[in-house]
Amino acid sequence: LTGHITLDFGYKNTGSTKSAITFLDGEKGILKYRGYDIEELAEKSTFLEVAYLLIYGDLPTISQLEGFQANITKHTLIHEDMKKFLDGYPSKSHPMAQLASLVCSLSTFYPESLQANSSPETMDQTMIKLLAKFPTIVSFIYKKSLGHPLIYPKNKYDYVSNYLNMTFGQRTEEVEIDPVVVKAMNTLLILHADHEQNCSASTVRMVGSSDCNLYASVSAGIAALWGPLHGGANQAVIEMLERIKEDGGDTEKWINKAKDKNDPFRMMGFGHRVYKNFDPRAKIIKKACDDILEKLGINDPVLEIAKKLEEAALSDPYFVERKLYPNVDFYSGIIYRALGFPTDMFTVLFALGRLPGWIAQWKEMHENREPIGRPRQIYVGHTNREFTAPENR
Ligand code: SDX
């Protein structure tokens, strides 16, 4: 056999499992959760309702949703000792580092979560506790980063409003939660809720396949999501847009940098492993961006740069040939910023949205009794070598 065969490796197109949770069609830009179009869910549903759909397989009845919310409301507090972890991190620690370790630490407070093959009831309560405590952990990390008093969950709020109150609320007075912000957060979290076998969901499945507990499996998913090629892109997009703005807004210059193979710069928020046409979530978020900034009366110059960048890229042969279109991360950061979140919290918000998807995938893997993940390799190293003493090497 002559010539050079280049083999493509890695999980680029592997059928790693069978799943009934999310359907993607990358060519047609279709995304469905349990058979429901993402466009319809984003417009008509709430994040908690979609979380129920992903985890249990059907949209809940009114009493099922009320019971789900009530069960979550009972478990929103975290053990007071968990606050000691927050005191131990350096002040500028990245929130994703804190989130991954705090979520894993939940397993130390709830030993029942460690039981392999636990009963469906125990498994369900473990999932409910994670859904309930995650927003509290996320808002405690944020408040601590500001040096502000922690705001505790309040039973009167629904899931998303409770998170917003813990994040933007004040100890000294009740803060009105803007319904525009609540709707925007529900939409953003719904759009991030699951995305079949993406890097972080596959990580949760792989770690969970060893019968590792849900908290530690999701903690591994948080670490995978942190990468700038995955969920970390939403933070990298805003940093990129800011750089372009500081540099005078010359989008052509930065498009050319992205095309230059000798330049490490990549157009963050562009391209996708599966969507080779458009990311349906990006279309919804782009429209939401315009609506929310108008309703909140915000004129963010990076939005104009983002639109100029998108327009230029979509007519540039390099991007068109490689089917590089804006993905879910391209516009989401602009909305998060408009809602008052700092840049380093953006990927944490992605994790907050993706949590029900990770839980649903971990649950499905256990229900299908999938074996421990153990891929093989093509060995390309040395064959036989004789050991030699150090003085003879
Ligand atoms: C998410 O998988 C999911 O579902 C993820 C996600 C989810 O909901 O879970 O959708 C969330 O992670 C969205 C993606 C966020 N990441 C970014 O925006 C980072 C920037 N994008 C890329 O790095 C890249 O597009 C990926 C990682 C998203 C996809 O990478 P692929 O499919 O492995 O594509 P590739 O790296 O093989 O690129 C193919 C070509 C290459 O050029 P050639 O070698 O063919 O000449 O396209 C080029 C790449 O250099 N390319 C880019 C580019 N993305 C790909 N060139 C410039 N800018 C980019 N952003």
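How many residues surround the ligand, and which are the closest? In this predicted model, 26 residues surround the ligand, and the closest are His 195, Arg 266, His 272, Arg 273 and Arg 281.

**View 1. The crossing of helices α10 and α17.** The axes of α10 (residues 214–226) and α17 (residues 346–367) come within 10 Å and cross at roughly 135°, and the two helices are therefore oblique to each other. The crossing is right-handed. Among the residues in contact are Leu 214, Val 218, Ile 222 and Trp 226 of α10, together with Phe 350, Leu 355, Trp 358 and Trp 362 of α17. The residues of this contact divide into eleven nonpolar, three polar and no charged.

**View 2. The crossing of helices α6 and α7.** Here the axes of α6 (residues 120–146) and α7 (residues 159–168) come within 8 Å and cross at roughly 20°, an angle that makes α6 roughly parallel to α7. This crossing is right-handed. The contact includes Leu 131, Pro 135, Tyr 142 and Lys 143 from α6, as well as Tyr 159, Tyr 163, Met 166 and Phe 168 from α7, and its residues divide into eight nonpolar, three polar and one charged.

Definitions and conventions: Residues numbered from 1 in each chain as written. Predicted model: local features only at pLDDT ≥ 70, side-chain atom pairs only at ≥ 80, totals over all residues. Heavy atoms only, no water. Axes fitted to C-alpha atoms, helices over the stretch in contact; angles between N-to-C directions. Helix = DSSP H or I, 4+ residues; strand = E, 2+ residues; numbered from the N terminus. Parallel < 35°, antiparallel > 145°, perpendicular 65-115°, else oblique. Left-handed = near helix turned anticlockwise from the far one by under 90°. Contact = heavy atoms within 4.5 Å. Nonpolar A, V, L, I, M, F, W, Y, C, P; charged D, E, K, R; others polar. Near = heavy atom within 4 Å.
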